[in-house]
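Thanks for asking me to look this over. Could you open the model beside this note and follow along point by point?

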Amino acid sequence: MADAIIRGLAMAIATTPLLIACGGGKADNPGPINSPQCSGSSCGVQGPPASNGTAAALCPATADIVKSTFLGGAGSGEVVQINIDATAMTYTLKWLESPIPLRTGTVTPTRAGTQITGAVIHPPTGTLPTAEQTRCAFILGAGTGTAAGDGQPYTTPGFANNPNPPMIFVGQGVAGGGIPGATVQFDGLSIPLIGSGIGAVPNRHFDFYPFLGFASTTTDITKLPGTYNGLLYHLAPSGNYSTVATNTVETFDASGTCTSSNTANPNYSPNAGGCLTTGNPLTLNSNGYFDSQQAPQIVQQFQLPLVGATGKSGTAHMILGQVNGATVPLVVRTGFINLGTAPLHLDAKVDDESGIAMLAAATPLASGGFDGGYVGADSNFKYTATLIQGAVGTFINPSTSAGESGFGLGYGLPSPGLVGVQDAKGKTGFAIASGGLYAIEIQGAENDGIASTSANADTPSTPYFGIGAQISK
């Protein structure tokens, strides 16, 4: 019976967009998580999501999908806009911000400003349970364009020999899944009297980078002021891809200035007001989102020059998504590297920490307040599904219909809307929800760890971070 329930849920939650985005327990000292621990069968699904029994369109009509260009962010620290023409079966994707180098073996220039076009195909028949699900899912083929950084052709991998391809699921107002990945590697610098291999980045291949985008965003800063719970996930390639996930409680005023009462971890470098998501006050750019210079750091940084390091060089970009009547801020941190002048590189600026954060308004959320089935992607570079029912949550593999990790939920923490999480192994974290989206971070390994096709074996599987869209209640 339990297997049948899980299988039915997996089929249901495979029908709408796979989404992402990426320490816990520090912001506002929320205290212990008093959520019920689960073990064995108690971590499983407690019942199928409710259904009204009627078939509903999962995405706009095929001819109308092209009318939306989705603006959003990726866990790679990239800001991306993507449009899919479901009639011509083509896509156009542009990286508006990016720390990802154009060429393997280098660190600059990056993909920022580069636009590619290519073909899409639907997943093969039988991959997804229904024809409607298949209609709303698009695998991205080889994209080609001229790189803005060096004026040379830039091409992403095609359909063939790609076991874990980027795939975008279009829904009602949101789209997500995976955008084209990259192979990242850098031998490091040789500096006289210091040594070689300084700042080296190990070789790592990512088939895709998890992505979340909005069909509707706003540049009206008056929609932002208020207090938010946030979950962040950042990665530093030069630190052997070390990762940090944490929570934050932050308040934005009408000028876009952020303040917080966070108790900063000694390893963190928040802004002057204590915030971890943004640095300087937000400024609107011409692409329809906001920039904040001197973005805070939550991962220990490798910096150049080695003496008198210049500190924070990354930029935080805030996209104000509009979904289901809610404003959902998505913050992308884009790392910055300028290796400076050889041989001593005294004018170098290196801050390669990149990542993503979701914010949710700090409003009370009672048990059952975000019950339902969700679908998303996570820091394991996998697509995943989640069922939330009161005090119990379950991760489900949508391709195998198998239940994976389970966790308990604890409501009523001091920051309204912040929900405590504890998995079957006692690892703790937090969850937030807004506008039908939810994010989760757990200081433990979940769902069998990193996808083998997306990263090297030594990529950290702890902490865990994911974000998803609700598709059933």
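1. Ground rules. Please keep in mind that this is a predicted model, where local features need pLDDT of at least 70 and side-chain atom pairs count only at pLDDT 80 or more, while totals for chains, interfaces and linings use all residues. Residues are numbered from 1 along each chain as its sequence is written, and side-chain values use heavy atoms, with hydrogens and water left out.

2. Strand β1. Helices (H or I, at least four residues) and strands (E, at least two) are DSSP runs, numbered from the N terminus. Buried stands for under 20% relative accessible area, exposed for over 50%, and partly exposed for what lies in between (1.4 Å probe, protein chains only). Five of the six residues of β1 are buried, so β1 is largely enclosed by the rest of the structure. Strands count as paired if DSSP finds at least two bridges between them. β1 runs antiparallel to strand β2 (residues 79-85), with five bridges joining them, and threonine 69 stands opposite asparagine 83 in β2. Four residues sit between the strands of this hairpin, and glycine 77 there takes a positive phi near 85 degrees. β1 also pairs with β11 in the antiparallel sense, over four bridges; there, leucine 71 has phenylalanine 214 of β11 as its bridge partner.

3. Strand β27. Here five of the seven residues (the strand spans 428-434) are buried, so β27 is largely enclosed by the rest of the structure. Strand β26 (residues 419-423) pairs with β27 in the antiparallel sense over four bridges, with valine 419 opposite alanine 431 in β27. That hairpin has four residues between the strands, and glycine 426 takes a positive phi near 85 degrees. β27 and β28 also run antiparallel, joined by six bridges, and isoleucine 432 has alanine 439 in β28 as its bridge partner. In the hairpin of β27 and β28, two residues lie between the strands and glycine 435 takes a positive phi near 60 degrees.

4. Disulfides. How many disulfides does the rule give? The count comes to two, taking a disulfide as a pair of cysteine sulfur atoms within 2.5 Å. Cysteine 59 and cysteine 136 form a disulfide with their sulfur atoms 2.1 Å apart. Cysteine 59 is in the loop between α1 (2-13) and β1 (69-74), and cysteine 136 is in the loop between α2 (131-135) and β5 (137-146), so the pair ties together parts that are 77 residues apart in sequence. The torsion about the S-S bond of cysteine 59 and cysteine 136 is about -80 degrees, so this disulfide is left-handed. Cysteine 59 counts as buried at 1% relative accessibility, and cysteine 136 is buried with a relative accessible area of 2%.

5. The other link to check. Cysteine 258 and cysteine 275 form a disulfide, with sulfur atoms 2.0 Å apart. Cysteine 258 is in strand β14 (residues 258-260) and cysteine 275 in the loop between β14 and β15 (283-284), 17 residues apart. The link of cysteine 258 and cysteine 275 is left-handed, with -90 degrees about the S-S bond. Cysteine 258 and cysteine 275 are buried.

6. Aromatic pairs. Rings of Phe, Tyr and Trp (its six-membered ring) pair if their centres lie within 6.5 Å; planes under 30 degrees apart are stacked, over 60 edge-to-face, and the rest tilted. Searching the whole structure gives 12 aromatic pairs. One of them is the tilted pair of phenylalanine 206 and phenylalanine 381, 5.2 Å centre to centre with 45 degrees between the planes. Phenylalanine 206 lies in strand β11 (residues 201-214) and phenylalanine 381 in the loop between β22 and β23, so the pair ties together parts that are 175 residues apart in sequence. Phenylalanine 206 is buried, with a relative accessible area of 4%, and phenylalanine 381 is buried at 10%. Phe206, Tyr209, Tyr241 and Phe381 form one aromatic cluster.
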